[in-house]
Structures are given as C-alpha cells and as structure tokens.
Amino acid sequence: MIGTETGGPARWGAPGLALAALAALGVPANLALAGPEVTNRPDCGFGDPAVEDFALVDENPTSPTYGQEISRDGLQGKVVFLMFVRSTCGHCQSLSTALDDILQSHGADWGDDVAFVLVNMVGWEADLPEFCTLHDLPTVQDTTTAALADRVGAALYWNYVLLPDGRLHKMYYSLYLPTYQSRLETDIDEALGRGR
C-alpha cells in the first residue's frame, strides 16, 4: 500500500491517492509520475512492433480519408502519431485541435510522410460525431472486436510515434500542447530521419 506511517495506520496523501488511482487504471507506479516522454514501459519495448494490425474506418467527415479503412499495414511508410482519446474528454478535445494545427502548419515539410490518427476508445461511440467537428484528422472508433487499445496496451493519455516500418519510436503519457509541441515535432522529424 502506498502511504505514510504516522504512528498508526497508513494514511493516504495526495500523491498516494494519485498513484493509487493511476494503478487502478493500469498505469505502473514507476511510470505514473514520469514526464510526458516514457522510455521504460514494460509492455511495449522500443524498437518492437507497437501495434498489431488493425482495420478500422475513418469516421471523421472532414478528414481526407473519411469512409476509408485505416490499418497499420496501410500506414506503412509513414511516420504515425497515434493518439488514444475519449470523445468526451476535454483534454483530448483540445489536443485534437492543436494536433490538427500542427499537422497543417507542417504540411509543406512533412507532406504525406506523416499521419496523425485518433482512436476513440470503446464505450465512447455516441459522442464521436461531435468530437469530429473539432478537427480534420482521421478518427477511428475502436471496437470490442478490434480491441486495438488492449493490443497496444494503451489507455487514455498514452500516445505513440511510430516509425515508417510500424515500430515504436517514442511514447508519451499525458502530452500537453503547446508545452511539448517542439518535442513532438522533433520526435517526428527524427522518425523521418531528419534533423531539426
């Protein structure tokens, strides 16, 4: 139990409660207080395939790939930023708008070599149409049959930069933009084999 002994039963301080809450969500304690870049997540090694193949339809009417199937194999050759969201999450909503702006501002540099894909987690399907009005990014709905989040070991606030061959390059927990925008852009450039 996380807590402090003070002459009686263990008492939960704010950090202890935060760690316990994250542990209940499946976030290991050694990672829960890490910064936005994580390099030691035990279930997803760097250089390993981060995502098994999946095939889900882009549900965002303003995305250039609307109605098309998006799959890991179909994204081969691109650097992919994969973000797991819940459509009602305010943080996810603001991130989607910021990511849309980043991708548009780097259109000339990155071209078709970079893709941002948002994955709405199982159980949040009803609010997906409203969420899609906030951005023009490809947005897929995870399903119980695809179980994409389970395969990746993902949970809300875990985000991944994948290399063109599908291997993991970087991952972030609780990415905040614009605070970490420069880091994300640098990581994408590195994955493309370019310096900044």
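This is a predicted model: local features need pLDDT of at least 70, side-chain atom pairs count only at pLDDT 80 or more; totals for chains, interfaces and linings use all residues.
**View 1. R194 pairs with D113 in a salt bridge.** The closest N and O atoms of R194 and D113 lie 3.5 Å apart. R194 counts as partly exposed because its relative accessibility is 32%. D113 is also partly exposed, at a relative accessible area of 35%.

**View 2. D165 and R167 form a salt bridge.** Here the closest N and O atoms are 2.7 Å apart. With a relative accessible area of 39%, D165 is partly exposed. R167 is partly exposed as well, its relative accessible area being 33%. A handy thought to keep while looking at this view: side chains of opposite charge can pair when their charged atoms come close.

**View 3. Y172 is a buried residue in strand β7.** Strand β7 covers residues 168–173. The relative accessible area of Y172 is 0%, so Y172 counts as buried. Do look for D187 in this view: its side chain makes a polar contact with the side chain of Y172, at 2.5 Å.

**View 4. Y172 and W158 are shown together, 5.8 Å apart from C-alpha to C-alpha.** In sequence, Y172 and W158 are 14 residues apart.

Note on methods:
Residues are numbered from 1 along each chain as its sequence is written. Side-chain values use heavy atoms; hydrogens and water are left out. A salt bridge is a side-chain nitrogen of Lys or Arg within 4 Å of a carboxyl oxygen of Asp or Glu. Buried means under 20% relative accessible area, exposed over 50%, partly exposed in between (1.4 Å probe, protein chains only). Helices (H or I, at least four residues) and strands (E, at least two) are DSSP runs, numbered from the N terminus. A polar contact is a pair of N or O atoms within 3.5 Å; within protein, one must be able to donate a hydrogen and the other to accept it, and residues adjacent in sequence count only if both atoms are side-chain atoms.
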